[in-house]
Amino acid sequence: MNRFMLFFHKTGSPPWFYRFAGKLIPWLWVGFAVLTATGLYMGLFLAPPDYQQGESVRIMYLHVPAAWMSMMIYGMMAVMGFIALVWRIRIMEVLTISSAPVGAAFTIIALITGSLWGRPTWGTYWVWDARLTSELVLLFLYIGVIALYNAYDEPRKAARAASLMAIVGAVNLPIIHYSVLWWNTLHQGSSFSASGSSIHPSMLWPLLLMAIAFKFYYGANLLSRARLRLLKQDHRKRWVHELLVQESE
Amino acid sequence: MSKPALSTAFWALLRRDFLLAYRRRAELLQPLVFLLVVVTLFPLGVGPSPQLLANIAPGVIWIAALLATVLPLDSLFRSDYEDGTLEQMVLSGQPLALIALARILAHWLVAGLPIVLLSPLLAVWMNLPDAGVPVLIKSLIIGTPVLSLIGAIGAALTVSLKRGGQLLSLLVFPLYVPLLILATSAVSAAVAGLPYNGQLGLILAGMIAALTLAPFATAAALKLSLS
């Protein structure tokens with residue numbers, strides 16, 4: 001067996017995953033802390049205020065990365081859910097459902113910071129604009145996945161149902177996005193495209209740092225949640241017992 | 001014993017579903033009465049001004065149709081699940097997606113089609129201008145199957161839960177957003193004298209996509225509920 005396949009099979013084993021994730025988590029938190037500190041300092045102190053929006057533009061350094069994360073995590077859920085359903089890997093089931101609360105939290109952050117940013121710039125907290133509406137629908141999709149998971153008693157069945165729902169939602173998400181876009185739009189378009197960005201580097205760098213910092217946060221939070229869920233599911237199994245004996249010694 | 005052909009199984013299922021629906025006629029009427037009551041509430045709530053009603057007519061009729069289709073969805077697979085028929089269907093060796101499709105088609109014929117037939121009456125109640133009525137009917141003919149198809153996925157996911165009804169609406173309503181937008185905008189465009197074929201074409205495309213994908217997702221969800 002080659003090294004990659006060995007790694008692949010190992011990650012599918014709960015005790016190995018538990019230990020591996022446990023070693024990885026502190027580094028992810030460190031990465032998150034360093035990047036957030038740098039990104040926030042650059043964004044809040046070094047970056048210039050916008051010539052039209054003034055200081056309020058600084059909400060961007062939280063809002064935009066959170067909105068990116070909300071979409072990326074849903075995509076991750078669909079991919080991991082697909083793997084969980086096809087190959088019946090339990091770790092993937094656990095990772096799929098553990099992603100949902102983190103994604104929902106980022107969606108809520110994006111909605112709240114967006115509405116706080118909208119007040120000084122657009123003059124209103126909420127409009128039925130395309131991006132706001134699709135973000136809200138995304139939040140409902142997250143809540144649906146979480147509610148479906150909680151409705152089942154048996155955790156593995158629950159995780160598989162939630163995975164299927166995540167996939168169905170992911171197929172619909174682009175359709176929802178474009179239909180809403182076509183319906184009504186006030187939000188500015190994306191400032192990023194394949195040919196480059198229309199943002200000045202002094203504002204681009206903190207934004208990118210924050211985006212990467214949020215990914216570290218997602219990784220750390222996801223792995224911590226997955227570890228806890230594994231412990232709960234396996235609390236009668238031998239590896240958990242051995243682990244508890246080891247830790248108490 | 002040899003397995004019956006696909007088409008035989010499909011028609012037998014459809015026939016059985018019709019018979020079941022016919023024997024429970026009173027239950028069948030409930031969603032339609034619900035539809036009429038919901039539409040009646042709007043003029044009472046927003047006032048009887050004909051102009052206002054005409055403006056909101058496409059949205060009100062479509063939202064009422066959406067609610068009335070979701071109402072009977074909860075029982076789509078429930079009785080078959082509870083008495084073990086669903087398990088026998090899985091064991092029959094016929095593709096589960098086909099069985100799901102027969103069930104969905106039966107649901108549309110008894111829950112979706114009556115809404116289409118009632119829609120001219122609703123259009124009169126809501127004072128929808130004449131130019132909008134044919135488009136409203138067309139949008140309902142091609143749009144209500146999408147409601148049944150996507151709804152079936154939610155129904156299959158929640159069939160093994162004791163209180164699946166509320167959860168079902170939470171799961172499927174966000175997925176109905178594109179359909180609602182396209183359908184109401186087609187009717188509004190027709191009333192304003194603008195072209196509306198683009199919207200209807202997109203709904204049709206959505207229906208074909210749902211028709212090809214939703215039975216498989218429903219089948220996967222049913223297998224999961226039975227496991």
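The following legends describe close-up views of a predicted model.

**View 1. Overall architecture of chain A.** Chain A contains 8 helices and 2 strands. Along the sequence, these elements are arranged in the order α-α-α-α-α-α-β-β-α-α. The C-alpha trace of chain A extends over about 60 × 40 × 35 Å along its principal axes. Of the 249 residues in chain A, 38% are buried. Among contacts in chain A with a separation of 6 or more, 78% join residues 24 or more positions apart.

**View 2. The contact between chain B and chain A.** On one side of this contact are 17 residues of chain B, and on the other are 21 residues of chain A. Two or more residues of the chain B side are supplied by each of helix 7 (133–158), helix 8 (165–172), helix 9 (177–191) and helix 10 (197–226) of chain B. Classified by residue type, the side of chain B that touches chain A comprises 16 nonpolar residues and 1 polar residue, with no charged residues.

**View 3. Helix 6 of chain B and its kink.** Helix 6 of chain B covers residues 96–125, a total of 30 residues. Within helix 6 of chain B, a kink of about 40° is located at Ser119(B), shortly before the proline Pro120(B). After helix 6 of chain B comes Asn127(B), which has a positive phi near 60°.

**View 4. Helix 7 of chain B and its surroundings.** Helix 7 of chain B consists of 26 residues, and the distance from its first C-alpha to its last is 36 Å, close to the 38 Å expected at 1.5 Å a residue. In helix 7 of chain B, a kink of about 30° occurs at Ile141(B), shortly before the proline Pro145(B). Because 21 of its 26 residues are buried, helix 7 of chain B is largely enclosed by the rest of the structure.

**View 5. Packing of helix 7 of chain B against helix 9 of chain B.** The axes of these two helices come within 9 Å and cross at roughly 170°. An angle over 145 degrees counts as roughly antiparallel, and helix 7 of chain B and helix 9 of chain B are therefore roughly antiparallel to each other. Helix 7 of chain B contributes Val135(B), Leu136(B), Ser139(B), Gly143(B) and Val146(B) to the contact, while helix 9 of chain B contributes Leu179(B), Ala183(B), Ala186(B), Val187(B) and Ala190(B). By class, the residues of this contact are 8 nonpolar and 2 polar, with no charged residues.

Methods
Residues are numbered from 1 along each chain as its sequence is written. Chains are lettered from A and ligands numbered from 1 in the order in which they are written. This is a predicted model: local features need pLDDT of at least 70, side-chain atom pairs count only at pLDDT 80 or more; totals for chains, interfaces and linings use all residues. Two residues are in contact if their C-beta atoms, placed from the backbone, lie within 7 Å. Helices (H or I, at least four residues) and strands (E, at least two) are DSSP runs, numbered from the N terminus. Ala, Val, Leu, Ile, Met, Phe, Trp, Tyr, Cys and Pro count as nonpolar, Asp, Glu, Lys and Arg as charged, and the others, Gly among them, as polar. Axes are lines fitted to C-alpha atoms, for helices over the stretch in contact, and angles run from 0 to 180 degrees between N-to-C directions. Angles under 35 degrees count as roughly parallel, over 145 as roughly antiparallel, 65 to 115 as roughly perpendicular and the rest as oblique. A residue is buried if 20 or more other C-beta atoms lie within 10 Å of its own, exposed if 12 or fewer, and partly exposed in between; C-beta atoms are placed from the backbone. The expected span of a helix is 1.5 Å times one less than its number of residues. The bend at a residue is the angle between axes fitted to the seven residues ending there and the seven starting there.
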